[in-house]
Amino acid sequence: MTVDLAIIGAGPTGLYAAYYAGFRGLSTLVVDALPEAGGQITAMYPEKQILDVAGLPSVKGRDLVADLLRQAAPFEPDYLLGHRAERLEHVDGRPVLHLAPADGPGQDTRVEAQAVLITGGLGSFSPRPLPAAADFHGAGIVYFVPELAAHAGQDVVIVGGGDSAFDWALALHGIARSTAVVHRRERFRAHKASVERVRDLGIPVIVNAQVTAIHGTERVTGVALDVKDEGARELPADAVVAALGFTADLGPLGEWGLDLDHRSIGVDTTMATNLPRVYAAGDIASYPGKIKLIATGFGEAATAVNNAAVAIDPDAHLFPGHSSENP
């Protein structure tokens, strides 16, 4: 496969970069290890309201991703989801990516690109496991909630004390038959306002509790708890949401020879990395004074694409004009 710009990461920054690259007349391939576009938003908080995108007082995560896909659609970017960028080499000064299926053995894909833009957020990430679920081999254990409607009429137990746990509790209230939050401590990492909203709605919040077992055969039917000063307790459950957070890892990107700062990639003012024709933008990019916001990633994506366009074609202008001038 040959493409002008290969974008690694299909989160908001990568999707906006796909639009902007199309606006600049570049052919684009977007690669992501996750099976759906949207990155962390799709995986962790698709139903959460996002409040810091300019011009949108409030937008649901899922809707933001859908709008970004629609914005890029007229330029027909290609998407290769469920694939991970394993290896990078340079041939005649041009980057060549080697991709592999993220979920196991399969046919590798070779991508010859004029430039590469890494927008992988925190890198590849995986959910922290719920220890009690290790011996349960049926269905009903999830780590995020892509579709709220999938839990309509169910008893749902959410395990965790962070923002995601309380966001899911609020989102599922009125959709699920019952919702309960279980946390192993008295203190929460979640925002105080979210905790208070959950309690005001009458959603049970069980603290100082450990999940000791998951009941059921083909599907979850219940959860066993050990609650401090109370002892054993049982909760009915059709689904268990293990909202215990995620661990992030740069994965193979860490072996490419990039200038790394912990899990971030150092860039200059053009968003260029230390490797030829390789750029980075969004949360994964690092420079002095960096603020990790979706809004920041959008601006970095435009900067990276414009500079990549000039690297690809030295006769091109760095500033292509405003999009309003080129409908």
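Hi everyone, and thanks for coming. Before we look at anything, please keep in mind that this is a predicted model. Let's begin inside and work towards the surface.

Find strand S2, which covers residues 28–32. How many of the five residues of strand S2 are buried? Five of the five are, so S2 is largely enclosed by the rest of the structure. Now look at which way the side chains go. In a regular strand, side chains alternate between the two faces of the sheet. In S2, Thr-28, Val-30 and Asp-32 point one way, while Leu-29 and Val-31 point the other way. Whichever way they point, all of these residues are buried.

S2 also has a partner. Strands of a sheet pair through backbone hydrogen bonds, and the sense can be parallel or antiparallel. For S2 and strand S1, residues 2–8, the sense is parallel, and the pairing runs over four bridges.

S14 covers 209–216, S15 covers 220–227, and S16 covers 231–236. S15 pairs with S14 through seven bridges, and the two run antiparallel. A hairpin of three residues takes the chain from S14 to S15, and Gly-216 stands opposite Val-220 in S15. S15 pairs with S16 as well, again running antiparallel, with six bridges. One of the contacts to look for there is Leu-225, whose bridge partner in S16 is Arg-233. As for cover, S15 is mostly tucked away, with six of its eight residues buried.

Is Asp-229 buried or exposed? Asp-229 counts as exposed, because its relative accessibility is 79%. Its backbone is worth a look too. Most residues other than glycine have a negative phi. Asp-229 is not a glycine, yet it has a positive phi of about 65°.

Asn-208 is not a glycine either, and its phi is positive at about 55°. You will find Asn-208 in the loop between strand S13, 205–206, and strand S14.

There is one more sheet to point out. Strands S19, S20 and S22 form an open sheet in the order S19-S20-S22, with mixed pairing. The edge strands are S19, at 260–261, and S22, at 285–286, each of which pairs on one side only. S19 and S20, residues 264–266, pair in the antiparallel sense over two bridges, and Leu-260 stands opposite Ile-265 in S20.

Now for the charges. How many salt bridges does a search of the whole structure find? There are eight, and I'd like to show you a few of them.

One joins the side chains of Glu-86 and Arg-84, at 3.1 Å from N to O. Glu-86 is partly exposed because its relative accessibility is 31%, and Arg-84 is also partly exposed, at 33%. Another joins Glu-112 and Arg-110, with N to O at 2.5 Å. Here Glu-112 is partly exposed at 35%, and Arg-110 is partly exposed at 36%.

A further salt bridge is between Arg-177 and Asp-155, at 3.1 Å, N to O. This pair links distant parts of the chain, 22 residues apart: Arg-177 is in the loop between helix H4 and S12, and Asp-155 is in strand S11. Their surroundings contrast as well. Arg-177 is exposed, with a relative accessible area of 58%, whereas Asp-155 is buried, at 11%. Asp-238 joins in too: Asp-155, Arg-177 and Asp-238 are linked in a network of salt bridges.

Which residues form a positive surface patch? They are Arg-128, Arg-184, Arg-185 and Arg-189. Take Arg-185 as a landmark: it lies in the loop between strand S12, 178–182, and helix H5, 192–200. Arg-185 is partly exposed, with a relative accessible area of 41%.

Key. Residues numbered from 1 in each chain as written. Predicted model: local features only at pLDDT ≥ 70, side-chain atom pairs only at ≥ 80, totals over all residues. Heavy atoms only, no water. Patch = residues over 30% accessible without salt bridge, like charges linked within 9 Å, V, L, I, M, F, W, Y side chains within 5 Å. Areas by Shrake-Rupley, 256 points an atom, 1.4 Å probe, with all protein chains shown as cover. Salt bridge = Lys/Arg side-chain N within 4 Å of Asp/Glu carboxyl O. Lys, Arg positive; Asp, Glu negative; His and termini not counted. Charge placed at Lys NZ, Arg CZ, Asp CG, Glu CD. Buried < 20%, exposed > 50% of the residue type's maximum accessible area, 1.4 Å probe, protein only. Pairing = 2+ DSSP bridges.
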